[in-house]
Amino acid sequence: MQFHHHGYVSGDPRVQPASGIGLAREPELPDEMDVLIVGAGPAGMIAAAQLAQFPGISTRLIDRRPDRLAVGQADGIQARTVETFQAFGFANRIIEEAYRITEMCFWKPDPANPENIVRAARTPDDPHGMSEFPHLIVNQARVLDYFAEYARNAPGRLEPDWGWEFVTLRVEEEGDHPVVVTLRRAADAGASAGTAEGEQRTVRAKYVLGADGARSRVREAIGRRLEGDQAFHAWGVMDVLAETDFPDIRTKCAIQSHDGGSILHIPREGNHLFRMYVDLGEVAPDDNGRVRQTTQAEVEERANRILHPYTLTVKNVAWRSVYEVGHRVTDKFDDVPADEIATRTPRVFITGDACHTHSAKAGQGMNVSMQDGWNISWKLAHVLEGRAPEELLHTYSAERQQIAVNLIEFDKQWSSLMAAKPEEMEDPSELEDFYMKTIEFPAGFMTRYEPSMLIADDAHQELASGFPIGKRFKSHPVVRVCDANPKQLGHHHRADGRWRVYVFADAAAPAQPGRVADLAQWLVSAPDSPVVAFTPDGSDLDAWFDVKVIYQQDHTRVEMNEVPAVFLPKVGPFQVADYEKVYAADPADDIFEARGISRDGAIVVVRPDHYVSAVLPLDAAAELAGFFAGVFRRQSAGV
C-alpha cells in the first residue's frame, strides 16, 4: 500500500482523497450520468468499485432493495476471485473471516453394507499450487460489503442509490446521453426527496450496465434471452446449525448414497454454520415448479437417508431454498446485433446471472459474475476518459460470452456426476477423478482470451512460457530492491485502471549499457513509446503505465542509483521517487526459473484486470508501440 506521496496521511490510508464528482456527490439520483449500473449484486458492485476509481466519470448504482443485502445465497470464493480481492485491497481481511477449504472428502456406499456411507477418498484442494491464495467460503453479503466500502472510500465516493427498480430503456440515435431509462420507486424503499412509492422517473445515461439477475429486465429491454435447457433435477439447499455425528462436518464433502441421492456439504465461516445441497431427485417435465414447495422437514429427512448411519438434527435454519438445475446462456452480452458490430458500438451491457445461469454446486456464479463486472468496467472507464476508442467495448461480449459457454459445459458435467448413483458410473472413482482433473477450471484459472485488440499473438510466448498470453498473470515471490523485502510481484497490481509492463531484465547489470537500458530510454523519450504517446500532459510518468523491472541478480548487486529513471518515476504533487518498481529474483525461488522466463529477458504486458496481453523481446520496441497504438488514443506529444 502506498500513501504519503500527496502529503502526510495520519488516518486510514485505505480512504483515498476525494476528487472530481467525489468532492460534491449528489445525494439524490441525478437526471444524467455517464454510467448507470442496475443491480448491486457481485457483478454490479465490483463494476461500481472499479468505476469509483475514476472521479471524472459520473457513475450511479441502483438497486430495488432498501438497503444492503443481509443474507446472500452464494458463498464459494475461488482462488482467482481472492486474487481479484487483492487488487481491490481487501484479500487479507476477508481471508481472516472466511472458512478456508484445504481438502475435499468423498463419501460412498460401504461395499460391505451399501445402505451405509464410508469415506472413500480425500483430495487436496490445490495440489498444483495454482495460486498463493486459498479457496474460501464466505457469505456473499460480506463480499458486497467490502466492495461497497472500497467504492465509498475511492476518489469518486460512490454509494448505492437504494430503492430504485429498473422498468425499461430505449437507446436514441443522438445525444450525449442516448440511453433513456425509466425507473420506479420500489414498494419498500420509503419516501425520498419528493419521490413516493411507485412513482416513476426518467434518467439518461451514456451507458447502462445490467447486473439485475436471472430475471433481468435490462436483458429483456435489449431483446436478449437466456437460451438453454433444464436438467429436471431438484436440490434442496440449507444453511443450518445442527447436531450431528457425521465426522467430516467441518470438511467439504461430496456424499453419494446407494439409493438416497447425494449431498454436497460445505462448511461455512464462523465454525458452526454449514451448507448442504441435498439431492431431491428427478423432476417430471410437467412438474411446473411444484418441487419448490418441498418442506424443510422433507429436505432434512432426505439428508438423513443419504448420511446413514450418521444422523443430522437441525437446530436453526439461517436460509433455505429449493431449486431446479438449469443451464442457460445469453447469446450476446450487449445491445448490438452481430450483423451491426461494424457500424455501431454498444450502449447497454449485461453481466452475471443476466447472462448465464447454472447449478450452484461448482461455486461459479458469484465468481464468474465478478469477472464479468470487472471486465466491462475498466473498459468503460478507458472509453469515457478518452483513453481508448469505443470499439474497445466490443471486446466485452466477445470475451465473456465464450467464458459463459465454457462454464455451462463444465457445470453440466459436474452436476450430472453429483446427481448420479455410484452404480451408474463406469469407474467408482469417476467423481473424484473428474474433480481433480478439472480443478483448474472451477478455481478460475482456465480463462484464456483469444487474440484481439487487447490480446497479442503468441509469436514470442517461449520467452515467458509461465505467463501464457490471454491467461491471468500468475504472481511469484521476488525481492524488492529498495528495502530487501520479499514480495509477491502480482500483489502490487491494484484495480486502478493502469496497464502493467513487466521488464524481466537480461543478465547485464543495471549500470551496463544494453537492451534494458535502451528500452528504458525509449520508454521515456521516443514519440511512439506508449508512456510518451498516451500519458496525458501534466500527469505522473506512471499515471497510465506501471512499468516495473525485475533483475536476475541478487538484490545486493543492484544499486538503486544505477536503475533507469522509468523504473523510478517521480509521483505526486511533490514529485518524489517511487522506489517500489525495482525488484530482483529471489535466489531461493527464482521467478525466471519458475515462470520459464528467458535469461535473455522479456517484456510481459498485463492489462488492468490481470490478464497477460503480450510477451515480447526486450528489443521489440516497435512491436510494443504497435500493440498499444491499437488500444489507446494519443493524448500528448510528450510527458
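# Fold, rings and backbone of a predicted model

This predicted model contains 13 helices and 27 strands.

Student: What radius of gyration does the protein have, and what would a compact globule with 639 residues have?
Tutor: The C-alpha trace spans about 75 × 65 × 55 Å along its principal axes, and buried residues make up 58% of the 639 residues. For a chain with 639 residues, a compact globule would have a radius of gyration near 26 Å, and the value for the protein agrees with this, being 26 Å.

Student: Among contacts between residues at least 6 apart in sequence, what percentage join residues at least 24 apart?
Tutor: The contacts considered here are those in the protein between residues at least 6 apart in sequence. Of these, the part that joins residues at least 24 apart is 74%.

Student: Are F467 and F473 stacked or edge-to-face as an aromatic pair?
Tutor: A search of the whole structure finds 28 aromatic pairs, and F467 and F473 form one of them, with 4.4 Å centre to centre and 5 degrees between the planes. F467 is buried at a relative accessible area of 0%, and F473 is buried as well, at 7%. Planes under 30 degrees apart count as stacked, so the 5 degrees between the planes of F467 and F473 makes this pair stacked.

Student: Which residues do ring pairs link into a cluster?
Tutor: In the whole structure, 28 aromatic pairs are found. Ring pairs join residues into a cluster whose members are W378, W499, F534, W544, F545, F627, F628 and F632.

Student: Is T182 buried or exposed?
Tutor: T182 belongs to strand 10 (residues 179-185), and, leaving aside residues up to four places away in sequence, T182 touches E165, F166, V167, T168, Q200, R201 and T202. Buried means under 20% relative accessible area, and T182, at 18% relative accessibility, therefore counts as buried.

Student: Is the peptide bond from H308 to P309 cis or trans?
Tutor: P309 is located in the loop between helix 6 and strand 16 (312-330). Most peptide bonds are trans. The bond from H308 to P309, however, has omega near 20 degrees and is cis.

Student: What are the values of phi of R157 and A484?
Tutor: Most residues other than glycine have a negative phi. R157 lies in the loop between helix 4 (140-153) and strand 8 (161-162) and is partly exposed at 22% relative accessibility, whereas A484 lies in the loop between strand 19 (477-480) and strand 20 (485-488) and is partly exposed at 38%. Neither residue is a glycine, yet phi is positive in both, near 50 degrees for R157 and about 65 degrees for A484.

Terms used: Residues numbered from 1 in each chain as written. Predicted model: local features only at pLDDT ≥ 70, side-chain atom pairs only at ≥ 80, totals over all residues. Heavy atoms only, no water. Phe/Tyr/Trp six-rings, centres within 6.5 Å; stacked < 30°, edge-to-face > 60°. Buried < 20%, exposed > 50% of the residue type's maximum accessible area, 1.4 Å probe, protein only. Helix = DSSP H or I, 4+ residues; strand = E, 2+ residues; numbered from the N terminus. Contact = heavy atoms within 4.5 Å. Rg over C-alpha atoms; globule rule 2.2 N^0.38 Å.
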